[in-house]
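Consider the structure shown here.

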Amino acid sequence: MPTLAAALLSALKDHGAREIFGIPGDFVLPLYKVIEDSNILPNFTLSHEPAVGFAADASARYRGGLGVAVVTYGAGAFNVVNAIAGAYAERSPVVVVAGAPGARERLSGFLLHHQARTIDTQLAVFREITCDQAVLTDPLTAPAQIARVLRSAREMSLPVYLEFPRDMVGVEVEPVVPLPPRAADPEALAECVEEILARINAASAPVAVVDVEIRRYGVEERIAALARKLNIPLVTTFMGRGLLEQADDVVSGTYLGAAGDGAITRLVDDADLLLMLGVILSDTNFALSNRAPDPRRTIMASSREVQIGHHTYRDMPLADLVAGLEARAKPRPASAPQTKARAVYPRGLPADAAPIQPSDIATAINDLFDRHGKMPMTADIGDCLFTAMEIDNTALAAPGYYAGMGFGVPAGIGVAATGLRPLILVGDGAFQMTGWELGNCRRYGLDPIVVLFNNCSWEMLRVFQPESRFNDLDDWHFAEVAASIGGAGERVTTRAELTAALERAVARRG
Ligand code: TPW
Ligand code: MG
């Protein structure tokens, strides 16, 4: 029989985890030893737990499957709370494995180091920001608990919490047997699919709106095929930017309401039916729209539910629904009045001495992608995220809804750990939070390209309140720091320098 630690690591792998991000501490050291010695999953340690959470989240977002964050009790676990709250908000299945005191310590009568209030305060906090939890204290039930919790993470595409008392690591248990996914009831599915297709056929200007769940549940290709068959225009939300990057013929653009491309905004605002697939109904996705969502013209499939008008189908997994729609849809002629709206992205940055504006960065990156192919991206919150909207549709992980600063760099490290070379867009304020994590790249052979928008400012806040001096930041000369943490840095101030530096960055590996 395997030990509980080995059983957990194998189960994580079987459920789609590819690597572990973490920081050890004494309550999780015995588990860490097994992580290292067993080599069941590669292990990436970072410098501060928020980055551990962001990296695990980004790995899950990019590659599907599960992200894994292994942290120690209290001081470690509480440090990762914000990242997991963001993963919950943006529906990313991160498994938090937190070390904890063993059974004898629990009964010792002492307060234990890293303990906040009671021993279970940590569990109580994570209950709020995960969809399922288990404390692995019983060798007989632990394998079934692990199977249940990991299935919940996959099914709900939300974070989960596993607490691992340190005296349980070597205990022998039965292997973890994965539970079968719970599929939709076939009759309910058929009814739902027919109702949706009938509504689409009755509409004169339907539009599909897609968001992050379609990537989380691995249905992007199917949705592209469905959109082609139905001849229905498709836009992503702000949060869903970067989806369907392989299907340029299908994606018209990104809906940004009053702030966006007028043609895309009209396409959505004038639609008589919105087929919303995997959409987070958030203010950042829709507050800039001219209208509140109208249930009579909206079909909403997300969080395993489908809402049509005023009624709801429950237990309706998105993957089953999309497969059903694709199988039953009949080719449909394009709606006559709908324009072939297409977002246009800027190209051809002059190689001159003009100072760099945010849009120039988008233009320079589009030019770069034209020369070398698209790169996957991560972005932080700030000017850089809005700049990403002007870059060609390429895979993007960004906190477009939760809007937590500090995501961009560690997320890029998480993407790099999965074997890709990402382009990271980040502001100076956000870089001050988590930029140091780049110092972990060299020892793992990761080489993201970082474009740091140094405006010496919390610029996005200045827009709200221009008179406040606290938005002025000092100039940290970040490029000079690069060498000391294992990278190469260049500071550019003109458009010509920007283009040349991007070219050198692509050519230089390591
Ligand atoms: C964890 C509030 C939103 S945007 C912003 C702040 C402080 C300024 C960002 O400055 P940066 O980018 O990175 O230099 P830019 O382009 O605006 O100059 N704490 C957290 N998250 C958020 N969102 C804030 C504070 C905020
Ligand atoms: Mg700034």
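Asp-315 counts as exposed, at 54% relative accessibility; here buried means under 20% relative accessible area, exposed over 50% and partly exposed in between, with a 1.4 Å probe and protein chains only. Asp-315 is not a glycine, although its phi is positive, at about 50 degrees. Its place is the loop between β13 (311-313) and α14; helices (H or I, at least four residues) and strands (E, at least two) are DSSP runs, numbered from the N terminus. His-477 also has a positive phi, near 50 degrees, in a residue other than glycine. His-477 lies in the loop between α20 (459-464) and α21 and is partly exposed, with a relative accessible area of 32%.

This is a predicted model, in which local features need pLDDT of at least 70 and side-chain atom pairs count only at pLDDT 80 or more, while totals for chains, interfaces and linings use all residues. Residues are numbered from 1 along each chain as its sequence is written, chains are lettered from A and ligands numbered from 1 in the order in which they are written, and side-chain values use heavy atoms, with hydrogens and water left out.

Which residues coordinate the magnesium ion (ligand 2)? They are Asp-428 through OD, Asn-455 through OD1 and Ser-457 through O, at 2.0 to 2.1 Å. Donors are N, O and S atoms within 2.8 Å of the metal (3.2 Å for Na, K and Ca), and water is not among the atoms, so sites may look incomplete. The spacing of the donor residues in sequence is D-x26-N-x1-S. Asn-455 is partly exposed, with a relative accessible area of 31%, whereas Ser-457 is buried at 4%.

The largest pocket has a volume of about 1,300 Å³. On a 1 Å grid over the protein atoms alone, a pocket is an open set of points where a 1.4 Å probe fits, with protein on both sides within 12 Å along at least five of seven lines; lining residues have an atom within 4 Å of a point. Grid points are joined across faces, edges and corners, and a volume is the space filled by probe spheres set on the points. Of the 43 lining residues, Val-450, Val-451, Leu-452, Gly-489 and Glu-490 are the closest to the centre of this pocket. β17 gives the most to the lining, with 5 residues. The lining divides into 25 nonpolar, 9 polar and 9 charged residues; Ala, Val, Leu, Ile, Met, Phe, Trp, Tyr, Cys and Pro count as nonpolar, Asp, Glu, Lys and Arg as charged, and the others, Gly among them, as polar.

The second largest pocket, of about 880 Å³, is lined by 39 residues, with Arg-215, Arg-216, Tyr-217, Gly-218 and Val-219 nearest its centre. Its lining has 19 nonpolar, 7 polar and 13 charged residues.
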